[in-house]
Amino acid sequence: MYASAIRALVGEIFGKNRAAIVGAAAVTPAAWMIAKAYLRHVPGIEPNFATPLGFLLLVVIAMQLGSVFAYVDLTAGGSGSGFPRHILLLPAPTWLLALVPIIAGSLFIAAFVLLWLRFVSGVQLDWTQQLALTVAITAVMCWIQAMSWELLPRSMRIVALLVVVIATIVSVISALANEPDFLLGRRAGQIGLVLTSSGGYGFAYLAVIRARRSETLALNASLKRLFFSPGQPLHAVPLPTLSTAVAAQNWFEWRVYGRILPLFMTIIGAFPLASLAFDGMRRAPSIALSTMLLLVFYLMVSPMMGAAYISKDWTRRVQMGTFAATRPLSDSELAFAKLRLAIKSYALSLLIVCAVIVVIILASRNNVALLALWSRLTQRLGTTGSYLSLMLLFAAITAASWAASALFMSLQLFYEAVDRKKHGWKISLAMVTLFGLLLMLARRAYVARDSALQWLHAARAEVIIPVIVLTGIALYLLPPFRRVAALSTLRALAVGFLTVTVLGLIGLSQLRLPFGYRWALSSGLVSLALVTFMPFLLVPILVRMSRHR
Amino acid sequence: MNSTDNNVVDIRHLTRRFNDKAALQDVTVRIPRGQVFGIVGENGAGKTTLIKHILGLYRAQHGSVSVFGMDPVKHPKEVLSRIGYLSEQPDFPEWMTIAQFMNYMAAFYPNWDRQYAAQLLEMASLDARKKIRELSKGQQARVGLCAAQAHRPELLVLDEPSSGLDPVARREILAAVIRTVVHEGRSVLLSSHLLEEVERVCDHLLFFSNGEVLLSDSMEAVLDRHYQITLRRPGQLEWQALPGVFNAVADNGEWQLFCFADIDQLTGLLQLQGAQILDTRRLSLNEAFLARSSQRHTPGRIA
C-alpha cells in the first residue's frame with residue numbers, strides 16, 4: 001500500500017509541475033550555450049558559471065524547484081495555495097504524506113545542486129561546502145512548504161519566510177566564507193544553518209500533519225492570541241482620517257503595496273547590524289557589506305516594486321480589478337496615487353539603506369579598502385570633484401534604478417491592459433529583444449570596465465536607442481494621453497526634471513574632464529532624465545488603458 | 001428638460017466584440033429614473049458586459065453609452081460617485097476590517113451617511129471589528145451591499161448580488177434595499193439568475209441572449225403576455241409564422257406553444273386554422289425564461 005501511495009504522490013507532484021521541472025532542467029544547457037556564445041569574445045572570462053551571475057541563476061532555479069516540491073501551486077495563487085489538499089484524504093498515513101514531497105524534493109534539488117556545482121560550475125567548493133549549500137536550499141524549500149499550510153497568520157507568513165531566507169543566506173555565507181570571522185562568524189553560521197535547516201524540515205512535517213487534522217487554523221488563532229491580548233478586539237486600531245478621495249487612495253496604496261519594499265530593506269539591513277552582536281561586522285570590510293546592501297537594493301527594487309504592485313499572486317491582494325477600477329477617482333488621480341506611492345516607497349527604502357551603510361562605515365574597523373578608493377579618487381579629481389562625482393554617480397544610479405523600477409511597473413500595467421491571448425507573443429518577443437539589448441549593454445560595459453568613460457563616449461547608441469524606443473511608444477500612445485486630465489501636473493513635473501537636468505549639466509561642466517567625455521556624460525545625463533521621466537507619461541496612459549478596456 | 005434627463009442610463013446601438021465573439025450586438029437600453037430594472041439571461045449572455053459599459057470599465061466599440069448624461073469613460077469620477085455597485089465576485093481588500101473598509105469608502109463619496117452606514121451594518125448583523133477575509137462569502141456580499149448604498153446612490157447596480165446570500169437574508173435584505181432606493185426616487189439595475197427575486201422586485205425586464213436584447217418590457221406586460229398554449233391539430237403547424245410564438249414542442253399530435261402575445265387574438269387565429277385548444281396557462285417568469293432559453297439550445301426538439 002505504501003508503495004502505491006508514494007507512487008501516486010510523486011506522480012502528482014511531478015505531473016502537476018512537469019513544465020516547471022523540465023524548464024528548470026533545460027535552463028542549464030541553454031544557459032551554458034548562451035554563456036559560451038556570449039562570453040566567447042570577452043577576455044578573462046571562461047564560459048562557466050563561476051560568477052555571481054551563475055550562482056544567482058543556480059539559486060533562482062533551485063528556489064523554483066523548491067516551490068514545485070513545496071506543495072505550492074505555481075499556477076493558481078502563490079504561496080497560500082497548497083494545491084493537493086485532496087491528498088490529505090488519501091488512505092495513507094500522515095507521515096508518508098508529509099515526508100514524500102519533502103524527501104522527493106530534497107533529493108531532486110540536492111542532485112541538481114550537486115550536479116551543477118560539481119560539473120557545470122567552476123565554483124571551487126569541497127564536498128562539505130556543497131552539502132551545506134544543498135541542505136540550505138532544501139531547508140528554504142521546506143519553509144516555503146510550511147508557510148503554504150496557513151500555520152501562521154497571513155500577515156506574519158511573508159515576514160517569517162523573509163527572515164528565514166535571509167537567516168539561511170547569511171548563515172551559509174558566514175559558514176562557508178574563507179575568513180572565519182566574516183559576518184556572523186563560522187561557528188555562528190554553522191549553528192544558524194543547522195537551526196534553519198532542522199527547523200524547516202520539522203516545521204513542514206508539522207504543518208502537513210496539522211493540516212490533515214484541521215489544526216492549522218487553531219494554531220494560527222493561538223498565535224494571534226499570543227500576540228494580541230485576549231479579550232481585546234484584534235485590530236482595534238484608530239481609523240485614519242481620510243479627508244479626500246485622493247487621501248483615501250494614497251492610504252490604500254501604501255497599506256497594500258508601499259510597505260513591502262521598506263519592510264524588506266529593513267529586514268535586510270537588520271542583518272549586518274545584528275552581526276554587531278557577534279562582532280562580525282567590525283571585522284568584515286565595510287566596502288563589501290555596503291556594496292552587498294546596495295546591490296541587494298538595486299537588484300531587488302525593480303522586481304519587487306513591479307511585481308508587488310500589480311501581481312495578485314504576489315500579494316494576494318487587489319490589483320486593477322473591478323474594485324480598484326470602480327473607485328470614483330479620475331484616471332490621473334488613480335495613476336498619480338500609484339506613482340506617488342512608488343516614489344515614497346522607493347525613497348524610504350533608499351533612506352533605510354543609506355542609514356545602515358552609515359552605521360556600517362562608522363562601526364566597522366575595516367575601512368581600509370574604502371579609504372584607499374577615496375584616496376585614489378581625490379588624487380585624480382580633487383576633493384570637491386570627488387564629492388561632486390560621487391554625488392552624481394549615486395544620483396545617476398538611483399535615477400536609473402528608479403526608472404527601471406517604474407518602467408517595470410509600467411510593463412506590468414501594460415501586460416494587464418492588453419489582451420494577452422491576442423498580443424502575448426508580441427510582448428514576449430519585445431521582452432526578449434529588450435533583454436538582448438540589456439545583455440549587449442552589459443557585455444559592452446564589462447569589456448570596457450577599465451575605460452568606462454571611453455566606452456560611454458563610443459557607445460552612445462545603446463544608451464540612446466532605448467530612449468528613442470520609449471519616446472516612440474509614448475508618441476504612439478499620445479492620442480489617448482491627451483484625454484488624461486493631468487496635463488498641469490505633468491507640466492510641473494517636466495519643469496522639475498528639466499531643472500534637475502540643467503543643474504546636473506552645470507555640475508558636469510565643473511568637472512575637469514576633456515570635452516569628449518563631458519559631452520558623452522552630458523548626453524547620458526539627458527537620456528537618463530528622459531528615461532526617468534517616462535513613467536510619469538506612461539503610467540497614466542496605462543492606468544487608463546487597463547481601467548477602460 | 002430633454003429625454004435624457006429622465007433616463008439615468010441611455011445606451012444606443014452598443015456593440016462589443018471580444019476577438020471574434022460578439023458579446024453585445026446593437027443593444028439599445030434606456031433606464032428611467034426611479035425604476036427597478038432587471039436584466040436576465042443565460043451565462044455569457046452579455047449581462048455583465050453591459051454593466052461594465054455602464055460603469056465605464058469597457059469602452060464602447062460601436063454605439064454610445066451615457067450615464068447621468070455623461071460618458072462614463074470620459075468622466076469616471078463624476079459617474080462612479082453617483083453609483084453604488086456590487087459585483088458578483090467582489091474583490092474587496094480582504095486585509096481591512098469592516099470599519100476600515102467603510103471609513104475608506106466614505107472618503108470617496110461626498111454624500112456618505114455614516115449614521116445610515118452604521119444602521120445598515122447593524123441590519124446586516126455585521127461586526128465592524130472583523131476583517132473582511134474572516135467573513136463568509138454571504139457576509140462579504142452584505143458588506144458590499146452596505147457600502148454600495150451608504151452614500152444613497154442615484155443608481156444602484158447589483159450584478160448577481162444574491163449568489164452568496166442565504167435565502168432568508170436574500171429576501172429580506174434585497175427587498176429592503178430596493179424598496180428604500182425606489183421610494184427615494186432612485187434607480188436600481190439588478191442582474192440576477194434568481195428569477196423569482198427579479199419577478200418580485202423589478203418594474204422592467206430586459207431579457208438578454210447571446211448579446212442581443214430579446215425582450216424589453218414592463219414586468220406587468222411580461223407576466224401578462226407570456227402564455228403556454230396546449231392544442232391538438234392534425235399535420236404540421238407553421239408556428240414560426242404565428243405572431244408572438246417563440247417556441248413550440250410537438251408530442252403525438254399535441255402541441256405546446258410558448259408565446260408572448262395577446263392570448264385572445266392568438267387562440268382565435270389558431271382556432272381559425274383548425275386547432276383544438278386544450279389549455280392555456282400563464283407562464284411564470286421562470287417558465288418563460290426556460291422556454292426562451294430552450295428555444296436557443298434545443299432546436300432539435302422543436303417541430
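Me: Which strands of chain B does helix α2 lie across, and at what angle does it run to β2(B)?

Reply: Happy to start there. In this predicted model, helix α2 (residues 47-54) of chain B lies across β1, β2 and β4 of chain B, and it runs at about 60 degrees to β2(B).

Me: What makes β1 and β4 of chain B a pair?

Reply: Two strands count as paired if DSSP finds at least two bridges between them. Strand β1 (residues 7-18) of chain B and β4(B) have five bridges, in the antiparallel sense, so by that cut-off they pair. For a spot to look at, B:Val9 stands opposite B:Val67 in β4(B).

Me: Why are β2 and β4 of chain B said to stand at the edges?

Reply: The order of the open sheet is β2-β1-β4 in chain B, three strands with antiparallel pairing. β2 (21-32) and β4 (62-67) of chain B each have a single partner strand, so one side of each is left without a neighbour in the sheet. From one strand to the next, the twist averages 20 degrees.

Me: How do you know that chain B touches chain A, and how many residues are in contact?

Reply: Contact asks for C-beta atoms, placed from the backbone, within 7 Å. By that test, 29 residues of chain B are in contact with 28 residues of chain A. On the chain B side, α3 (76-80) and α4 (98-106) are the elements that give two or more residues, and α4(B) has the largest share, four residues.

Me: What is the make-up of that side of chain B by class?

Reply: The side of chain B that touches chain A has 16 nonpolar, seven polar and six charged residues.

Definitions and conventions. Residues are numbered from 1 along each chain as its sequence is written. Chains are lettered from A and ligands numbered from 1 in the order in which they are written. This is a predicted model: local features need pLDDT of at least 70, side-chain atom pairs count only at pLDDT 80 or more; totals for chains, interfaces and linings use all residues. Two residues are in contact if their C-beta atoms, placed from the backbone, lie within 7 Å. Ala, Val, Leu, Ile, Met, Phe, Trp, Tyr, Cys and Pro count as nonpolar, Asp, Glu, Lys and Arg as charged, and the others, Gly among them, as polar. Axes are lines fitted to C-alpha atoms, for helices over the stretch in contact, and angles run from 0 to 180 degrees between N-to-C directions.
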